[in-house]
Amino acid sequence: MAPPPLLLVLFLLFSTALLSESRLSLHYYSKSCPSFNRIMQETVTNKQIISPTTAAGTLRLFFHDCLPNGCDGSILISSTPFNKAERDADINLSLPGDPFDLIVRAKTALELSCPTTVSCSDILAVAARDLIVMLGGPYYNVYLGRKDSRSSQASSIEGKLPKPSMKMSEMMDVFAASGFSVQEMVALSGAHTIGFSHCKEFSSNIANDTHYNPRFARALKQACSGYPKDPTLSVFNDIMSPNKFDNLYFQNLPKGLGLLESDHALYNDPRTKPFVDLYAKDQNNFFRDFARAMQKLSVYRIKTGRKGEIRRRCDAVN
């Protein structure tokens, strides 16, 4: 039999290379960067010990990167005189600095060990998972091999992220547009078991929303009394165990201890209340569904192969 034409051989080799390059794997860096897991663990642990709010901030950063346009590290890119990037969109201005610093630290260490090998989007996905586990939350597999976006525009995320003031139907629409069910939305909302919210996000609701526990409402008014002069004032989302990833966030809602308007809506809307009740009653159910939803979110509209790049710096395209 005659050998195949050279053109066909080249095409098959090129197709195989593209396929292997675009396939995610749990061990994507086992050969190209064998120190990846160790560097990530050390960097994440050290940063969380120094700044205990890093975990909640990183989880929020991951969420704000992935839900609008996919997990591609576009939230990490800085604006230039010619382009307003995602991180400077109004909804992202309250993202704290610690998670950005964490990604820079991890990227710097990885570049020294394995230059131009590990994507910023993979770093963010693994950091979010590792920090959840550090605070007692569920472990889930993070498949690796994402590439980084070559662009980031603030205008591209308009209407694609939930806001605390949104009606429940609007929140559902935001998640549905990205392929997430009502139950997955409620499970992901359980991330509010850690972290804090700024007073400006809920202070105007305290007097008008009858769903607040009266004593809690009075305490919130006092805690936020100076926020017009100090916009950095904030309150823990879960006042019972703010530094532990557990299901107490859901247990708080029936007691009127939710912080945001959207928190109260989760418990008071008949479409979401059954899931709140389920997760309040059974932490294992919450952990299982949260882990599944996070794994699904972590591969949402990712870029692989030649659709993206490995950025040398996470805050700028190559």
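Predicted model: local features only at pLDDT ≥ 70, side-chain atom pairs only at ≥ 80, totals over all residues.
Are Cys199 and Cys224 buried or exposed? Both Cys199 and Cys224 are buried. The link is left-handed, at -75 degrees about the S-S bond. Cys199 sits in the loop between β1 (196–198) and α8 (214–223), and Cys224 in the loop between α8 and β2 (234–236), so the bond ties together parts 25 residues apart in sequence.

The disulfide count is four. Take the bonded cysteines in sequence order, and the pairing reads 1-4, 2-3, 5-8, 6-7.

One of these links joins Cys33 to Cys114, S to S 2.0 Å. It connects distant parts of the chain: Cys33 lies in the loop between α1 (6–22) and α2 (36–50), Cys114 in the loop between α4 (97–113) and α5 (120–134), 81 residues apart. The bond of Cys33 and Cys114 is right-handed, with 60 degrees about S-S. Both cysteines are buried.

Another disulfide joins Cys120 to Cys314, S to S 2.1 Å. Here too distant parts are linked: Cys120 is in helix α5 and Cys314 in the segment after α12 (283–298), 194 residues apart. The bond of Cys120 and Cys314 is left-handed, at -95 degrees. Cys120 has a relative accessible area of 0% and is buried. Cys314 has a relative accessibility of 7%, under the 20% limit, so Cys314 counts as buried as well.

The largest nonpolar core has 73 residues. Phe36, Met40, Phe62, Phe245 and Phe290 have the most contacts inside this core. Helix α5 gives the most to it, with nine residues. Apart from this core lies another, of 12 residues, including Cys199, Ile206, Phe216 and Leu259. Back in the largest core, Phe62 deserves a look. Beyond its neighbours within four places in sequence, Phe62 is in contact with Cys71, Leu124, Ala125, Ala128, Met294, Leu297 and Ser298.

Now the charges. Side chains of opposite charge can pair when their charged atoms come close. The count of salt bridges is 14. Lys47 and Asp98 meet in one of them, at 2.9 Å from N to O. Lys47 lies in helix α2 and Asp98 in helix α4, so the pair ties together parts 51 residues apart in sequence. Lys47 has 4% relative accessibility and counts as buried, whereas Asp98 is partly exposed at 21%. A network of salt bridges links Lys47, Asp98, Asp101 and Arg105.

Arg129 pairs with Asp130, the closest N and O atoms being 2.7 Å apart. Arg129 and Asp130 are both buried. Glu184 and Lys296 form a salt bridge at 3.0 Å, N to O. This pair also links distant parts: Glu184 is in helix α7 (residues 182–189) and Lys296 in helix α12, 112 residues apart. Lys296 is partly exposed, at 33% relative accessibility.

Which side chain of opposite charge is nearest to Asp65? It is Arg311, 6.7 Å away. Asp65 belongs to helix α3 (residues 54–69). Its side chain reaches the backbone nitrogen of Asp72 at 3.4 Å. Setting aside residues up to four places away in sequence, Asp65 touches Gly70, Cys71, Asp72, Gly73, Ser74, Ile75 and Leu124.

Technical notes: Residues numbered from 1 in each chain as written. Heavy atoms only, no water. Helix = DSSP H or I, 4+ residues; strand = E, 2+ residues; numbered from the N terminus. Buried < 20%, exposed > 50% of the residue type's maximum accessible area, 1.4 Å probe, protein only. Lys, Arg positive; Asp, Glu negative; His and termini not counted. Salt bridge = Lys/Arg side-chain N within 4 Å of Asp/Glu carboxyl O. Polar contact = N/O pair within 3.5 Å; in protein donor to acceptor, adjacent residues only side chain to side chain. Contact = heavy atoms within 4.5 Å. Disulfide = S-S within 2.5 Å. Core = buried A, V, L, I, M, F, W, Y, C linked by side-chain atoms within 4.5 Å.
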